Amino acid sequence: MDQDMTLLAELLVSAFLIVGGIFGFVGSFGLLKLKHTMQRLHAPTKATTLGVGGALIGSMLYFLMIESSVSFHELLITLFLFITAPITANFVAKTFMQGDVVERELPDTGRAFGWAVYDDPPSEKTEEG
Amino acid sequence: MITYALIFAFACYGFGLLATLWRLLTGPTAADRILALDTMVINFIALLILYGVWRGTAIYFEASMLIAMVGFVSTVAFCRFILRGDIIE
């Protein structure tokens, strides 16, 4: 019974580590392979974040089931990475747009104010007046 | 079995570090280079975690937590510097 549990734990940890490794590989390979900067933005921000999540969950399961010590650090790191990845992607996209995309190539925003990268944010005075 | 899975994951993230280094050196735009640095930080966090599992110690979690925070702040600082010419306005 105990032997079976250890085997199950090893299987589970190995599966998480391998899936995490594959996702990390795909993310970094996409960063290398894709052609345009806006396309390259997708691979690391989604796939690599998921891969690190897999590796962290595998590590948490390893310490929980084999070393039998609970650690919540991995969960904290995973949460932090998952929260900050979209913010990073947004900032990198804005940086790219400011340097390499001309404003007249973009479609109309359909509002009174233009794209946030090129125009200043609407102040409260102009909205009221 | 865990040893082989760890070796596989090490190989994957090691390749990831090399790929981000290549993109950092050759990336045509500044945004590419910032993205490569951010991905490099994420790959390095994964490598640290895997090394912690390999050695069976929980010491490396604090280090990877700190690296995650510093990596995020540095990415935002780089982007702010290119976007506005200043980090804190």
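1. At 11% relative accessibility, Thr78(A) counts as buried, where buried means under 20% relative accessible area, exposed over 50% and partly exposed in between, with a 1.4 Å probe and protein chains only. Thr78(A) is placed in helix α4 of chain A; helices here are DSSP runs of H or I of at least four residues, strands are runs of E of at least two, and both are numbered from the N terminus. If residues up to four places away in sequence are not counted, Thr78(A) touches Gly53(A) and Leu56(A), a contact being heavy atoms within 4.5 Å. Thr78(A) and Ala55(A) are 23 residues apart in sequence, and their C-alpha atoms are 9.6 Å apart in space.

2. A word on the basis of these remarks: this is a predicted model, in which local features need pLDDT of at least 70 and side-chain atom pairs count only at pLDDT 80 or more, while totals for chains, interfaces and linings use all residues. Residues are numbered from 1 along each chain as its sequence is written, chains are lettered from A and ligands numbered from 1 in the order in which they are written, and side-chain values use heavy atoms, with hydrogens and water left out.

3. Thr88(A) is also found in helix α4 of chain A, which covers residues 73-100, and counts as buried at 2% relative accessibility. Leaving out residues up to four places away in sequence, Thr88(A) touches Asp38(B), Phe72(B) and Thr75(B).

4. The interface as a whole takes 51 residues from chain A and 48 residues from chain B. The area buried between the two chains is about 4,200 Å², and carbon and sulfur atoms give 79% of that area; buried area is the accessible area, with a 1.4 Å probe, that two parts lose on being put together, summed over both. In chain B, the residues that lose the most area to chain A are Ile2(B), Leu35(B) and Leu83(B), which together make up 14% of what that side buries.

5. How many residue pairs are in polar contact between chain B and chain A? The count is ten, with both residues at pLDDT 80 or more; a polar contact is a pair of N or O atoms within 3.5 Å, and within protein one must be able to donate a hydrogen and the other to accept it, while residues adjacent in sequence count only if both atoms are side-chain atoms. On the side of chain B that touches chain A, α1 (2-26), α2 and α3 (60-84) each supply at least two residues, and α2(B) gives the largest share, 15 residues. By class, that side has 32 nonpolar, ten polar and six charged residues, where Ala, Val, Leu, Ile, Met, Phe, Trp, Tyr, Cys and Pro count as nonpolar, Asp, Glu, Lys and Arg as charged, and the others, Gly among them, as polar.

6. A search of the whole structure finds one salt bridge over all chains, defined as a side-chain nitrogen of Lys or Arg within 4 Å of a carboxyl oxygen of Asp or Glu. The side chains that meet in it are those of Arg40(A) and Asp32(B), at 2.9 Å from N to O. Arg40(A) lies in helix α2 (residues 37-40) of chain A and Asp32(B) in helix α2 of chain B, so the pair joins two chains. Both Arg40(A) and Asp32(B) are buried.

7. Two further residues of chain B deserve a look. Asn43(B) lies in helix α2 (residues 30-55) of chain B and is buried, with a relative accessible area of 0%; apart from its neighbours within four places in sequence, Asn43(B) is in contact with Ser28(A) and Thr48(A), and within its own chain with Tyr13(B), Gly16(B), Leu17(B) and Thr20(B). Ala68(B), in helix α3 of chain B, counts as buried at 4% relative accessibility and touches Phe80(A), Leu81(A) and Ile45(B), residues up to four places away in sequence not being counted. Ala68(B) and Asp38(B) are 30 residues apart in sequence, with 9.6 Å between their C-alpha atoms.

8. UniProt, in an unreviewed entry, lists "transmembrane region" for residues 12-34, 46-66 and 72-93 of chain A; positions are given in the numbering used here, feature names are shortened, and annotations may be inferred rather than shown by experiment. In the model, residues 12-34 of chain A are 96% helix and 0% strand, with end C-alpha atoms 32 Å apart. For chain B, the UniProt annotation (unreviewed entry) covers residues 6-25, 34-54 and 60-83. Residues 34-54 of chain B are 100% helix and 0% strand, and their end C-alpha atoms lie 30 Å apart.
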